[in-house]
Amino acid sequence: MRAHPSFIVAGAGLALAVAYLLVGREYSLGTLPAPGPGLFPRGLGVVLAAVSVWGMRQSLQSGPAEVLQVKTDGGTRTAVVVAALLVFAAALPSLGSIPAIFLLSAISLFVMGWRSWSALAGGSLVISLSVHFLFASLLGSSLPQGIWPW
Amino acid sequence: MDLLSYGFSIALTPANVLAALLGALVGTAVGVLPGIGPSGAIAILLPATLAFPPATSLIMLAGIFYGSQYGGSTTAILLNMPGEATAVITCRDGYQMALKGRAGAALTIAGVGSFIAGTLGVVGLTVATAAIAEAALAFGPPEYFALGLLGLAFLSRLSSAAPWKNLLLITVGILLSTVGQDPLTGEARFTLGSVGLLSGISLVPVLMGVYGIAEVLAVVKERSGFPHIASVKLRDLLPTRDEWRTSALPIARGTLLGFPLGMIPGPAPLMSTYLSYALEKRLSKTPERFGTGAIEGVAGPEAANNSATTGTLAPLLALGLPFTGATALLLAGMTIQGVQPGPLLISQHPEIFWGVIASMYIGNVALLLLNVPLVGLWVSLLRLPQALLVCLILVFTVIGAYSIRNNATDVYVLICSGVVGFLLRSLDFDMAPLVLGMVLGPVMEENFRRSLFASDGNLLIFVGSPISAVMMAVLVLVIVLPGFIRIARSRSIARRRIPDEQAVH
């Protein structure tokens, strides 16, 4: 049997609620005249659990209309862009902003259909240098230098 | 009047005029380009505005916000492709007018209607914000708690997704806001031992993720090119005398309808367009023309959405409570600049309040001048290489998220939020409830606990004052009324069915 995507989301909500309530046991409930830091989260966890169960019931009743289609060309493209973003996040502190932006630009331009290597390299270089100049020089942000000499 | 003159003295400085123009330009551009909405654009540009003084940065962000409503109608009329959700209804008659060779007239009426509604909306905003802010000075913790609860209840009912989906995201949003230090005792909560989470989950990367990154991922998934666009000649832009006459009252009604709706939590600008369209059709002597190119079907909704957009700023400025995703972004823009909107904003930061208000008059004039005569230029934006746009937006968003706190963790939060936002949106979840849950959660928790402290644990404090009692009564109605209506409707259908069945037998 194939699970309904919304059912999975509601189920994830329930799992989150249970985990939240378990962690929340560490914090004191206090009393009504002096509520502690655990009171509000405890109530919130219960509400989240109830809403999630309601959502699971609603999803089961709503039929098979929604089907999350990820296994398409679009899905692959999206997954590659997400991977490029993660590579960017990992590379930013160690490689520095210019190489990290270059990588992200090159991958996203390739995914969006650019196939000429010279255009990819040239476009990515222009974008990485311009964005670095805009943020670091004009807006005064301190971007990680990494292996980049300047 | 003196205060407004003071506002103009701030808004008319070269930097602020430039900021208003830039905001209007970017707003129109994102309105024209399908995919990236005003929330996405504000999210992407938020870090870049940190370099400006607070008033200048807010003038620009507000310009993007209201400017996008102007641009949305252009592609709706010319291509039957709404640039913004609020322009969906404009497609019906606007595109039909374009097919009949009246695209120019529809664009002009939409632009002028938007200008009138936007400008009158600013007058309404000035009056309403001052009045609400004065009334809100009497608000204590129970009133703020009730207001937060009421706002979220309205949102769960009125937002575009199913109520359970809205409630789920509201609750998750509030849950995320509890990570970090307890607002009253300072005790670390839900940090799982991470020092990085002690200061909580920052709102800005979440906003940038669920609006900016999620929208870009959706564009990457679709990767559909923009269609060929016919050109509109300048001489075709002038509506006939009859078209002006027919549009005047719908514009007035749309303006009056939109502004109060804008102050209600939920997707007010979108709702206002549908209500205005329905109203115009009902009032028309020839309702059959609607859907075939009736100018009233363009004039009313366009005025209504601009007026409603301005109205959404009133609760933000007067109470510090945003009731839409885009106003939550404006709140984030204010708080990272160290400005706290609320009842004291007008007295503590008059330069910001009056400067932004005055800049909106300037922005609306600029938008009228930029939109109608330069329609060809805006439409040519659709000829930009989509790959380049996607790449630039991605790079701006990730570098922007990093540069706010120079924190690599924020980039991971941004990516996670973007992926979650993309997946949930493909399942018809609306992301505004998550964001508003995150914004209103701390307000509600703090005021809930303060109320209990103040009343020695007496829960009746939440209905103790007339204001909070009324809000709680409305809250009960918002929760209970839809159920009653559903039951009454099903009973009435059942009652109608019985005689039909008896007649068959």
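Reply: In this predicted model, a salt bridge joins the side chains of Glu280(B) and Arg253(B), with 2.8 Å from N to O. The pair links distant parts of the chain, 27 residues apart: Glu280(B) belongs to helix α11 (residues 268-283) of chain B, and Arg253(B) to helix α10 (residues 241-262) of chain B. The two partners differ in their surroundings. Glu280(B) counts as buried because its relative accessible area is 3%, and the limit for a buried residue is under 20%. Arg253(B) has a relative accessibility of 27% and therefore counts as partly exposed, a class that runs from the buried limit of 20% to the exposed limit of 50%.

A second salt bridge is formed by the side chains of Asp182(B) and Arg449(B), at 2.5 Å from N to O. Asp182(B) is in the loop between β1 (180-181) and β2 (188-189) of chain B, while Arg449(B) is in helix α20 (residues 432-455) of chain B, so the bridge ties together parts 267 residues apart in sequence. Both Asp182(B) and Arg449(B) are buried.

Arg450(B) and Glu446(B) meet in a salt bridge of 2.9 Å, N to O. Over all chains, the structure holds 10 salt bridges.

The size of an interface is often expressed as the accessible area that is lost when the parts come together. Between chain B and chain A, the buried area is about 5,500 Å², and carbon and sulfur atoms give 82% of it. Of the area that chain B buries against chain A, 13% comes from Trp164(B), Phe190(B) and Ile399(B), more than from any other three residues. The number of salt bridges found across this interface is 0, whereas 6 residue pairs are in polar contact between chain B and chain A.

Val81(A) is placed in helix α3 (residues 73-95) of chain A. Val81(A) counts as buried because its relative accessibility is 1%. Leaving aside residues up to four places away in sequence, Val81(A) touches Val111(A), Leu217(B), Val220(B) and Leu394(B).

Aromatic rings form pairs of another kind. Over all chains, the count is 13 aromatic pairs. In one of these, the rings of Phe139(B) and Tyr144(B) have centres 5.6 Å apart and planes at 75°, so the pair is edge-to-face; planes over 60 degrees apart receive that name. Phe139(B) and Tyr144(B) are both buried. In another, the centres of the Phe145(B) and Phe462(B) rings are 5.0 Å apart and their planes stand at 50°, so this pair is tilted. This pair links distant parts of the chain, 317 residues apart, with Phe145(B) in helix α7 (residues 141-158) of chain B and Phe462(B) in the loop between α20 and α21 (466-504) of chain B. Phe145(B) is buried, as is Phe462(B). Ring pairs also gather Phe40(A), Phe145(B), Phe448(B) and Phe462(B) into a cluster.

How values were computed
Residues numbered from 1 in each chain as written. Chains lettered and ligands numbered in written order. Predicted model: local features only at pLDDT ≥ 70, side-chain atom pairs only at ≥ 80, totals over all residues. Heavy atoms only, no water. Helix = DSSP H or I, 4+ residues; strand = E, 2+ residues; numbered from the N terminus. Buried < 20%, exposed > 50% of the residue type's maximum accessible area, 1.4 Å probe, protein only. Contact = heavy atoms within 4.5 Å. Salt bridge = Lys/Arg side-chain N within 4 Å of Asp/Glu carboxyl O. Buried area = accessible area lost by both parts, 1.4 Å probe. Polar contact = N/O pair within 3.5 Å; in protein donor to acceptor, adjacent residues only side chain to side chain. Phe/Tyr/Trp six-rings, centres within 6.5 Å; stacked < 30°, edge-to-face > 60°.
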